[in-house]
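Me: I'm new to this one and would like to learn how to read it. Could you walk me through it, one feature at a time?

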Amino acid sequence: MDTRESKSHSGGVMTKETTAPGGSSPFVSIITPFFNTEQYIAECIESVLAQTHSNWEYILVNNQSTDRSREIAERYARDDRRIRLMDTPEHFGQIENFNAAFSYMSPDSKYCKVVLADDWMFPECVERMVEVAEANPTVAIVSSYRLFGNEITGDGLSYSGAVISGRKACQHILRDGYYLTGSPTSVLMRADVVRGVPSFYPEGWLHDDTEACLRILAEHDLGFIHQVLTFSRVDAESLSSEVARFGPGPIRRFMFAVRYGPQFFSGDEYRKYLKRETDFYGHFLGESLFQFKKKEFWQFQRRGLQLVGFDFWRVGLPKYALLELIDIVGNPKKTIGRLARLGARRG
């Protein structure tokens, strides 16, 4: 039995925590940071308890919840010694909380898996993912199909083989729009890869989990299981839903093209890819200009561009605005439809 000291932030008291990594199967750290998720957290925890792979620790990190989330988590922690409940010293931002949660991982864990508090796993999830990782030492991330609300995502790859090179996987993610790494709940990662980065999830990006995966896949391979192993809830309170009104898709694609395109594409392939993403984003901006988007929308777009060293002029907004104006003048039927939709939104 491995007995170690872990800091509990409740009152700043140091407590002894024990974990018993046992058996021949690899030890896995499963982590759920949570804040005010009393409606879903029991279902999430139950899905961990139902795993066919049983050699794990489960770390629940309470980010100063004000509802019954902690009470529910505490009940499960009392009943199963593999579960540890930790409290943040203060309320953290989402990404800061996720990064802090990794610090509680046992030094014995070979793999780690985040399960968001409003998501859950199918019983074979951890077992199947560990099997792929164990059979393929070059693999640092294992993913699978996921159920996102009522939609299955993650498709696109050939059914032949469980391993794809990291470079090829990133090309599919960036250029072809394959959601191969889904959300944090969708993947299992080698723990040493996560430990090797002080702040695993970068702050300031719209899709920090995707960026973290791209960084890992630049040096390692991807394992993929053609089976639905996780469920992600379409959560109206999530960070992605919060920024949805700003149209994050086009700016996300453009930012990734600028920052990661040169790493995974070369020569004419990269130039064609960057031009496609610039045109896509530029036309989006041009159309938005004539939809009279609010100041907050343009501030959001500007911040994203600044992160990759661009501005509206360098993207070519005047050119795309002119093209949009020509389209408006030359296609009155389409223009009437746009005005009708704009009026309906404002009404």
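**Reading the model, feature by feature**

Reply: Setting aside neighbours within four places in sequence, M189 is in contact with F102, K110, Y111, C112, A140, I141, V194, F200 and I216. Contact here means heavy atoms within 4.5 Å. Some ground rules: this is a predicted model, where local features need pLDDT of at least 70, side-chain atom pairs count only at pLDDT 80 or more, and totals for chains, interfaces and linings use all residues. Residues are numbered from 1 along each chain as its sequence is written, and side-chain values use heavy atoms, with hydrogens and water left out.

Me: What is a nonpolar core, and which residues have the most contacts inside the largest one?

Reply: A nonpolar core is a set of buried Ala, Val, Leu, Ile, Met, Phe, Trp, Tyr and Cys residues joined through side-chain atoms within 4.5 Å. Buried means under 20% relative accessible area, exposed means over 50%, and partly exposed is in between, using a 1.4 Å probe and protein chains only. Here the largest nonpolar core has 44 residues, and those with the most contacts inside it are F102, I141, L174, M189, F200 and Y201. Helix α7, residues 208-217, gives the most to this core, with 5 residues. There is also a second, separate core of 31 residues, which includes V115, V126, V139 and L188.

Me: How many residues of α7 are buried?

Reply: First, the naming: helices (H or I, at least four residues) and strands (E, at least two) are DSSP runs, numbered from the N terminus. α7 is mostly covered, with 9 of its 10 residues buried. Those are D208, D209, T210, E211, A212, C213, L214, I216 and L217.

Me: And what are the totals for helices and strands in the protein chain?

Reply: The protein chain has 14 helices and 12 strands. Of its 347 residues, 50% count as buried. For contacts between residues at least 6 apart in sequence, 77% join residues at least 24 apart.

Me: How are two packed helices described?

Reply: By the angle between their axes and the distance between the axes. The axes are lines fitted to C-alpha atoms, for helices over the stretch in contact, and angles run from 0 to 180 degrees between N-to-C directions. Take α7 and helix α9 (residues 248-264): their axes come within 12 Å and cross at roughly 10 degrees. That makes α7 roughly parallel to α9. On the scale used, angles under 35 degrees count as roughly parallel, over 145 as roughly antiparallel, 65 to 115 as roughly perpendicular and the rest as oblique.

Me: Which residues meet where α7 packs on α9?

Reply: T210, E211, L214 and L217 in α7 meet R252, F256, R259, Y260 and F264 in α9. The residues of this contact divide into 5 nonpolar, 1 polar and 3 charged. For that sorting, Ala, Val, Leu, Ile, Met, Phe, Trp, Tyr, Cys and Pro count as nonpolar, Asp, Glu, Lys and Arg as charged, and the others, Gly among them, as polar.

Me: At what angle do α10 and α13 cross?

Reply: Helix α10 (residues 267-289) and helix α13 (residues 317-330) cross at roughly 65 degrees, and their axes come within 8 Å. On the α10 side, T278, D279, G282, H283, L285, G286, E287 and L289 take part, meeting L317, K319, Y320, A321, L323 and E324 in α13. This contact divides into 6 nonpolar, 4 polar and 4 charged residues.

Me: Back to single residues. Is F98 buried or exposed?

Reply: F98 counts as buried, at 10% relative accessibility. F98 sits in helix α3, residues 94-102. Leaving aside neighbours within four places in sequence, F98 is in contact with P33, L116 and Y201. F98 and L116 are 18 residues apart along the chain, and their C-alpha atoms are separated by 9.8 Å.

Me: Where is S106?

Reply: S106 is in the loop between α3 and β6 (111-114). S106 is buried, with a relative accessible area of 0%.
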